[in-house]
Protein chains: 2
Amino acid sequence: MGTGYLLKQIRQQKIQTSDINCYFCRMQILDGKIVSQTVKNTIKEKTALLKSTGKKTPHLAAVLVGSDGASETYVASKVKNCEEIGFISTLIRLDASIEESLLIETIQKLNADDDVDGILVQLPLPGQISEEKIINLIHPNKDVDGFHPVSVGKMVQGLPTFLPATPYGILMMLEYYQVETKGKHAVVIGRSNIVGRPISILLNRNAYPGNCTVTVCHSHTRNLKDICLQADIIVAALGKPGFLTSDMVKEKAVVIDVGISRVPDATKKSGFTLKGDVDFIHVAPKCSFITPVPGGVGLMTIAALMTNTYNACVLKN
Amino acid sequence: MGTGYLLKQIRQQKIQTSDINCYFCRMQILDGKIVSQTVKNTIKEKTALLKSTGKKTPHLAAVLVGSDGASETYVASKVKNCEEIGFISTLIRLDASIEESLLIETIQKLNADDDVDGILVQLPLPGQISEEKIINLIHPNKDVDGFHPVSVGKMVQGLPTFLPATPYGILMMLEYYQVETKGKHAVVIGRSNIVGRPISILLNRNAYPGNCTVTVCHSHTRNLKDICLQADIIVAALGKPGFLTSDMVKEKAVVIDVGISRVPDATKKSGFTLKGDVDFIHVAPKCSFITPVPGGVGLMTIAALMTNTYNACVLKN
């Protein structure tokens, strides 16, 4: 049975990614469905306990400016997850054409509102609004996205803080599957503020998961293939569908696929299919562990956000 | 003429490090004396201009708790540099046994004092005092050491901020000698909050100096020698005298030595000699550029601190 057959089966969703393990025998899917559900169940139980003991229910406020398709999907999913877990959620929709001052006012109100524990502003924002200004305005104690400079600085210094959701979700996955990290060489492709940079710092810190030797690669990196071939762990976070091919991955590597691009697909009702940065079907057989797309890191991002919101509530009250 | 002879000449200070270039022919000393003096002269001129136009004179307040030998030396040097440049400086000495609350009060007064532009608290602090608490208390606009989480977070995000002095000084050196960095593989040995972590982030950012592929190594790193042999640029910041030996360095590498350890030396009046993390005399002949110890990165740290203090004054007033 060739990989072509498998690919087709996966695409047609006849095979669950969690079933693939037995086909390839020697590798394990890092299954975002299982891990995120486990994390969310824990938060759900803890939230029920808060309520039953008369404590405050966690409350996440999400701000969506405009109506970008992907942003709508993300925000809707966050709100839905809040409901499932038992959080209160508030969705504030603002027109794409609003002035910056109105968004500033909105954030200030949410900062001042004692009932709101976590604030997230869905990015990207329209051009007339400075993302930097808005993010810096969110009170660090409510910064559940972990994008505020104070959160980032504390993360770098190894102090307790809200970790950015996607890197935090990756750590949760590695921990759930007890992937060894100490002394491993991790290669991170991409140096964005949201994923590449923070995951490189977190994998390098003196903790578990962590204590990796970490190499950060980007568009100016030479010999990327040679560097990737040395990696025990590869985090692909550059946003180029299918970029990481099997010739770039050594046997028994751990591959984390952060990419999630919409690729046109006429056979789909939506008109697109989601693709990761990893050429999954060819890379997977070489791996000890790999995350699928969808069903991998994306789901963990939401689980991490929910964890941050829960912690924001408990720390504040 | 063997390296033994050279070593002796350098130790006896009969050869200036800036003269060494002609002996080895193919490598260039990154001379901290020259670069720091150039930077300080610029600041001195700009400060004179501030004064002559009736603007505020930069004012650095240094707090020294206890009387550790190295700390005394560092603080004395900072105060002396302020005088040379034309800054106002205030040295506040506190007893090693003071309560934390007294230091907190001191910082709060300096934060509130409009005449003070930059505050530095010499580290380490005695055990009864939380360094984290004290650093976080310094107002970010006066954080000329760049250790506050806000400063660190902004640095990571590539926003304008006070860069930590030693990494900033290294960037100044690379820039002065126009060392190419884009696309180079930089290996940083050490992951401290003060040097290793920030220099790894700065060398990786999308700017000059920067755009390196960066690998951060530490005590858990395996095959350190193999990794170093791939490096175009090595930053040794682990604090082990003579650790980086010539068999770990490839031809034409750039070597930055951040180490500055006091090694017992009976022939010296002080009883010690300063040694870097690099086995200089054997590594230098392989390098395209190398920093000496002393006379390298250490001097740059002070030049960077003075630059931050000048900027703090100008930004505030």
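Two strands count as paired if DSSP finds at least two bridges between them, strands being DSSP runs (E, at least two residues) and helices likewise (H or I, at least four), numbered from the N terminus. The model is predicted, so local features need pLDDT of at least 70 and side-chain atom pairs count only at pLDDT 80 or more, while totals for chains, interfaces and linings use all residues. Residues are numbered from 1 along each chain as its sequence is written, with chains lettered from A and ligands numbered from 1 in the order in which they are written.

**Exercise 1.** Determine how strand 6 of chain A pairs with strand 6 of chain B.

Solution. The two strands, the one in chain B spanning residues 213–217, run antiparallel and share 3 bridges. Within this pairing, A:Val214 has B:Val216 as its bridge partner.

**Exercise 2.** Describe the side of chain A that touches chain B.

Solution. Taking contact as C-beta atoms, placed from the backbone, within 7 Å, one finds 26 residues of chain A in contact with 26 residues of chain B. Helix 7 (149–156), helix 9 (196–204) and strand 6 (213–217) of chain A are the elements that each give two or more residues to this side, and helix 7 of chain A supplies the largest share, 7 residues.

Technical notes:
Two residues are in contact if their C-beta atoms, placed from the backbone, lie within 7 Å.
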